[in-house]
Amino acid sequence: MIEDSFGRVHDYLRISLTDNCNFRCFYCMPEEEYDFTPASRLMQKDEIVALAKIFVAQGVKKIRLTGGEPLVRKDAAAIILALGKLPVELVITTNGTRIAEMLPVLKEAGIKTVNISLDTLQPDKFMLITRRDVFHQVRSNIELLLQEKFTVKVNVVVMKGLNDGEIRDFIEWTRHNTIQVRFIEFMPFSGNKWTSNKMFSYQEILDEIGKAFSVLPVKGALHDTAKGFMVPGHEGSFAIISTMTAPFCSTCNRMRLTADGKLKNCLFSDGETDLLTALRNQEDVLPLIQASIRSKKKELGGQMVPNFEELDANAINNRSMITIGG
Ligand code: SAM
Ligand code: SF4
């Protein structure tokens with residue numbers, strides 16, 4: 001069992017397969033020219049599986065594959081199939097571009113839930129956000145997953161003046177579709193030019209939806225980061241991830257392994273533990289994992305102020321989201 005000093009048991013591991021991506025979402029990637037990590041410094045397939053097994057032996061029940069874009073990695077299929085053999089719930093977060101070709105692999109690996117990022121329902125705005133002209137491809141891949149009876153969650157980072165005007169359109173989308181739309185508060189990371197006035201808060205999102213729909217809360221599971229809601233009569237549902245204004249740290253069970261094999265005990269931790277080098281040196285990795293999680297701070301990596309409006313994003317010591325693995 002992996003437990004921190006606050007008694008939180010950690011049984012959910014998020015593994016970043018790569019910091020490479022076929023999109024350039026401005027809120028995720030640093031603006032300056034970004035060099036992707038060379039392949040030799042990334043965890044290799046067998047190293048990912050070896051590290052995952054150590055976590056699973058310590059009670060990890062769920063593994064999420066993320067990135068960067070996990071499905072652009074050349075050996076993504078082999079990694080997914082190998083991890084699919086472990087006794088865990090395997091899930092993935094993707095930008096949705098490579099779903100059609102990867103569908104047989106996702107099925108064979110036993111993946112049942114796919115989170116897809118889609119911040120807008122407008123093709124032009126999609127291009128502005130991602131700098132790629134593939135809106136219709138992502139939309140049709142979402143349809144494909146629904147036809148194939150996957151559970152589909154759509155991640156929407158809400159940014160003031162950019163896509164807050166589309167919140168109700170996303171809710172309308174849930175009327176005849178069994179998707180769960182997850183509105184995410186915009187978070188500060190290295191190089192993403194976060195300012196508090198670009199944030200659209202949990203309460204603002206709820207108020208915006210309340211103008212057009214009646215909303216009921218849905219009781220969630222203990223470790224849910226998203227607060228769930230339903231609109232009566234809609235086939236789908238929605239949730240809000242309120243990291244900035246109402247953090248859910250008290251029940252956190254998450255650990256993150258970056259693509260270069262560093263363990264982060266919190267999305268906002270300023271430190272990390274190098275598991276890959278230890279593995280390559282044939283050292284015992286478990287004590288490193290335990291020490292990292294024991295040193296986890298109570299809330300938000302100990303780096304945030306209680307009032308996000310006073311937050312100086314430049315003072316936060318962290319990686320960019322694309323190199324952490326969201
Ligand atoms: N490429 C995949 C994707 O886009 O789904 C997986 C990696 S991405 C880093 C994981 C999630 O992090 C996405 O849903 C993305 O929208 C979210 N994300 C990235 N930067 C963010 C930020 N600054 N604030 C909130 N969410 C962010
Ligand atoms: Fe790529 Fe996902 Fe980041 Fe967009 S959010 S740049 S798709 S990793």
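Visitor: Where does Asn141 sit?
Guide: Asn141 is part of helix H5, which covers residues 135-147. Keep in mind that this is a predicted model.

Visitor: Is Asn141 buried or exposed?
Guide: Asn141 is buried, because its relative accessible area is 4% and the cut-off for buried is under 20%.

Visitor: And what does Asn141 touch?
Guide: Leaving aside residues up to four places away in sequence, Asn141 touches Gly96, Thr97, Arg98, Ile99 and Ala100. Ile99 and Ala100 also belong to the H3 side of a helix contact, where together with Leu103 they meet Asn141, Leu144 and Leu145 of H5.

Visitor: What classes of residue make up that contact of H3 with H5?
Guide: Five are nonpolar, one is polar and none is charged.

Visitor: At what angle do H3 and H5 pack?
Guide: The angle is about 25°, and the axes of H5 and H3 (residues 99-108) are 10 Å apart. That angle is under 35 degrees, so H3 counts as roughly parallel to H5. The crossing of the two is right-handed.

Visitor: Switching topic: how do H1 and H2 cross?
Guide: Helix H1 spans residues 45-57 and helix H2 spans residues 76-83; their axes come within 10 Å and cross at roughly 25°. That makes H1 roughly parallel to H2. This crossing is right-handed.

Visitor: Which residues make the contact there?
Guide: From H1 you have Lys45, Ile48, Val49 and Ala52, and from H2 come Ala78, Ile79, Ala82 and Leu83. Sorted by class, that gives seven nonpolar residues, no polar ones and one charged.

Visitor: What about Pro87, where is that?
Guide: Pro87 lies in the loop that runs between H2 and strand S3 (89-94).

Visitor: Buried or exposed, that Pro87?
Guide: Pro87 is exposed, because its relative accessible area is 68% and exposed means over 50%.

Visitor: How far is Pro87 from Val56?
Guide: Their C-alpha atoms are separated by 7.7 Å, while along the chain Pro87 and Val56 are 31 residues apart.

Visitor: One last thing: which residues are around ligand 2?
Guide: Around ligand 2 you'll find Cys21, Phe23, Cys25, Cys28, Met29, Gly68 and Asn95.

Visitor: How does that shell divide by class?
Guide: The shell around ligand 2 has five nonpolar residues, two polar and no charged.

Technical notes: Residues are numbered from 1 along each chain as its sequence is written. Chains are lettered from A and ligands numbered from 1 in the order in which they are written. This is a predicted model: local features need pLDDT of at least 70, side-chain atom pairs count only at pLDDT 80 or more; totals for chains, interfaces and linings use all residues. Side-chain values use heavy atoms; hydrogens and water are left out. Axes are lines fitted to C-alpha atoms, for helices over the stretch in contact, and angles run from 0 to 180 degrees between N-to-C directions. Helices (H or I, at least four residues) and strands (E, at least two) are DSSP runs, numbered from the N terminus. Angles under 35 degrees count as roughly parallel, over 145 as roughly antiparallel, 65 to 115 as roughly perpendicular and the rest as oblique. A crossing is left-handed if the near helix is turned anticlockwise from the far one by less than a right angle, and right-handed if clockwise. Contact means heavy atoms within 4.5 Å. Ala, Val, Leu, Ile, Met, Phe, Trp, Tyr, Cys and Pro count as nonpolar, Asp, Glu, Lys and Arg as charged, and the others, Gly among them, as polar. A residue is near a molecule or strand if one of its heavy atoms lies within 4 Å of it. Buried means under 20% relative accessible area, exposed over 50%, partly exposed in between (1.4 Å probe, protein chains only).
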